[in-house]
Amino acid sequence: MPAPADPKLRAIASQTGLIGPHTGGITMGHGIYLLNGQVSNRLVSHELRHVHQYEAAGSIATFLKTYPEQIATVGYARAPLELDAMQHERDAP
């Protein structure tokens, strides 16, 4: 999985384990990166929700002012933007 180019996000990803052996996918801008063997409707819908969040924030830069802080403060599993993406996961054939 590629590390984020943004130094702050890269540091948080490293410190919190956001990117690690368990990471099946990540969204960077409008690019969604998925590991071979990890592609599922659930994961794709989760990552597409992050694209929506970027657009709703008005820019990726604005999104990246909030997302890393949430991950660093409350952790990945309790970050509001992650919880939102989890609520929009779809399990479809």
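## Exercise 1: the pocket

Find out which element gives the most to the lining of the largest pocket.

Solution. It's α2, which gives six residues to that lining. Keep in mind that this is a predicted model. Next, look at the whole lining: 30 residues, with L18, G25, I26, E47 and Y76 lying nearest the pocket's centre. The elements that give two or more residues are β1 (25–28), α2 (41–57) and α3 (60–74). Now sort the lining by class: you get 14 nonpolar, eleven polar and five charged residues. The space inside comes to about 500 Å³.

## Exercise 2: the salt bridges

Work out how many salt bridges the structure holds, and what they link.

Solution. There are two salt bridges. Start with R42 and E89, whose side chains meet at 3.4 Å, N to O. R42 sits in helix α2 and E89 in the segment after α4 (80–87), so this pair, 47 residues apart, links distant parts of the chain. Then take D84 and R49, where the closest N and O atoms are 2.7 Å apart.

## Exercise 3: buried or partly exposed?

Decide whether R42, E89, D84 and R49 are buried or partly exposed.

Solution. Buried means under 20% relative accessible area. R42 has 35% relative accessibility, so R42 is partly exposed. E89, at 22%, is partly exposed too. D84 and R49 are both buried.

How values were computed: Residues numbered from 1 in each chain as written. Predicted model: local features only at pLDDT ≥ 70, side-chain atom pairs only at ≥ 80, totals over all residues. Heavy atoms only, no water. 1 Å grid on protein atoms, 1.4 Å probe; cavity = no way out; pocket = protein on both sides within 12 Å on 5 of 7 lines; lining within 4 Å. Points joined across faces, edges and corners; volume = space filled by probe spheres on them. Helix = DSSP H or I, 4+ residues; strand = E, 2+ residues; numbered from the N terminus. Nonpolar A, V, L, I, M, F, W, Y, C, P; charged D, E, K, R; others polar. Salt bridge = Lys/Arg side-chain N within 4 Å of Asp/Glu carboxyl O. Buried < 20%, exposed > 50% of the residue type's maximum accessible area, 1.4 Å probe, protein only.
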